[in-house]
Amino acid sequence: MGYDEVQLHAVDFSALIPSINNGTFDVAITAMGLTPERQEIATPSIPYLYPDMGMLVRSDDPRFSDIPNKSTLDNLDRLAVDANNKFYTKPIKIHTMGGTVYQSHILPSIKDHLSQQRFNNEPHYQAHPMESSDGPQDSFTLAQEVLNRNKDAYVVEYEAISYLQSQFPEKTKAIRIVPNDPSLQQQVEVPPFSIFMKKDNTELKGKIDQAIKDLVHRKIDGQDYSIKELRKKLSTTTEENKKGTIKQAIREIENYHENLINKALDDAKASKPKEQSFIGKFFSGLKFYIRGTMASLVLAVDGLIIGFFLAVVLVQIKALIQENNKENKKKNWSYYVKNGVSKTLDGMFAVFNGVPIAAQVLMVYYVAGSDKYKDYFFKITPLYAGLIVIAVNAGINMAIAIMNKIKFLNQEQIQAAYALGMNKRQTFRYVVFGQAIRRSRPDIAKQFITNVKETAFLQIVGVVDIMYIAKQKMSIDMDPVLPFFTASVIYLVIILSANFIMKQLEKKKEVNHGISSTN
């Protein structure tokens, strides 16, 4: 394609399209179906894969005991009746990933079809699509629901199901679903996979389309065909010689896909860590968390520093407005302007304290980073979006803490400052603010701990923090326990270290205060 270097980045599925539209990445490639909704907001390549639907079930489930591993299920009625056409006495519970075509129309179509199969006037099929708000958005966790017997089957593309089955070969079965009912084929057809680019990026689309044609298209009589087009052409061709040519082209493409899948499965097996004890795996895996830990610490520290300066500005504005309003009871235009500013700040404090961090970072990244506002903002990367949210929330929290300390200062000191000839600004700077900051030190230290914890929500937009690495390790190693145990230990070490340093500084302060008092 003419590119010297290709950089690969893993981000949350929900962040893929916004990331290409705001210029963070050039293309998004994953199991992303070519749907009308996605075509409206991004530019797709020609399809590079036409996947089948797959189902992951337990090997010991008697309803599928007679179905071999990695077989094809042509008759969907088989989900409601056994091989002898007897109804199951227990409904099968199927789930899938929220926000996909499986949830929106494929599973409902299957459910409608099978609801006609009844036993004692009761339907023998239940579908439990997992909404994105109800559970995690990764295949491994959804497969675990099947292994833990909370669900009976997990439905998604067969390529993903085949990989999951290879990770649990003795416990699961992978079933390819190819309905032979013409009335169902259109409703349960899985959209082809495409590579997505920024809207109207025709130059890059042309290069990617040509690369896909070179890999998974074949020429017949000088015309280019995808595997789907070849299958359609085969069904309408009567000449035996041409049929043989088309069949050969189809086999070549199928073998190419099969070889890629097998290579991916072999690479996954080869990359699996050697058998170790839990503690051994823990220590050997710590090196993978270095980058995420550094990102979390940088965001927490920088957010604290920027937030502190923001808090200083907010406190001065609020304090001076309150002081002016106390002295000037006349409600002129100046009073209303200052009161309006104060109320606006109060409203801002309430909004940021009431809206979850995850929602804030999504709005900053998706709204400020979109093309509509590119002329008004600098380029918003996931890291910058996270830093903005952490810093603003830290500034507001510290401003509230400092303002509360100001309320309980000794008023006699303030009156004494006025008696010595200090004006409002001098009194605030040398008497009020200094004491409020000193009394707010524990709150500022606690804010650092809060910042560290809040970085865990930033992986939702692709910030490579501790939780991001933990999710990646869970999907790669197929282990739901160790990655989050490791992340918990890292967070605990950071927070305990911060608490220890804070206590040592407080002790030193008390010792110095005692020495100065003695002198």
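## A walk through a predicted model

The accessible surface of this chain comes to about 28,700 Å², and 56% of that area belongs to carbon and sulfur atoms; areas here come from the Shrake-Rupley method with a 1.4 Å probe, and for residues only the protein chains shown count as cover. Before going further, note that this is a predicted model, in which local features need pLDDT of at least 70, side-chain atom pairs count only at pLDDT 80 or more, and totals for chains, interfaces and linings use all residues. Residues are numbered from 1 along each chain as its sequence is written, and side-chain values use heavy atoms, leaving out hydrogens and water.

Let's start with the overall picture. The chain has 19 helices and 13 strands, taken as DSSP runs numbered from the N terminus (helices are H or I with at least four residues, strands E with at least two). Of its 519 residues, 43% count as buried, where buried means under 20% relative accessible area, exposed over 50%, and partly exposed in between (1.4 Å probe, protein chains only). Among contacts (heavy atoms within 4.5 Å) between residues at least 6 apart in sequence, 76% join residues at least 24 apart.

Now to the inside. A nonpolar core is a set of buried Ala, Val, Leu, Ile, Met, Phe, Trp, Tyr and Cys residues joined through side-chain atoms within 4.5 Å. The largest one has 41 residues, and Val315, Ile406, Phe428, Phe448 and Ile466 touch the most other members. Among the elements giving two or more residues to this core are helix H11 (290-327), helix H14 (382-407) and helix H16 (424-439). Beyond its neighbours within four places in sequence, Val315 is in contact with Ala399, Ile402, Met403, Ile406, Phe428 and Phe433. Apart from this core lies another, of 38 residues, including Met55, Phe64, Leu73 and Tyr158.

Helix H4 is worth a visit too. Because 8 of the 9 residues of H4 (residues 139-147) are buried, the helix is largely enclosed by the rest of the structure. Its cover includes strand E3 (53-58), strand E9 (153-157), helix H5 (158-167) and H18. Just after H4, Arg149 takes a positive phi of about 70 degrees.

Pro480 lies between H18 and H19 and is partly exposed, at 37% relative accessibility. Leaving out residues up to four places away in sequence, Pro480 touches Phe140, Gln144 and Met474; Phe140 and Gln144 are among the buried residues of H4. Ser226, in the loop between strand E13 (223-225) and helix H8 (227-236), is buried at 2% relative accessible area.
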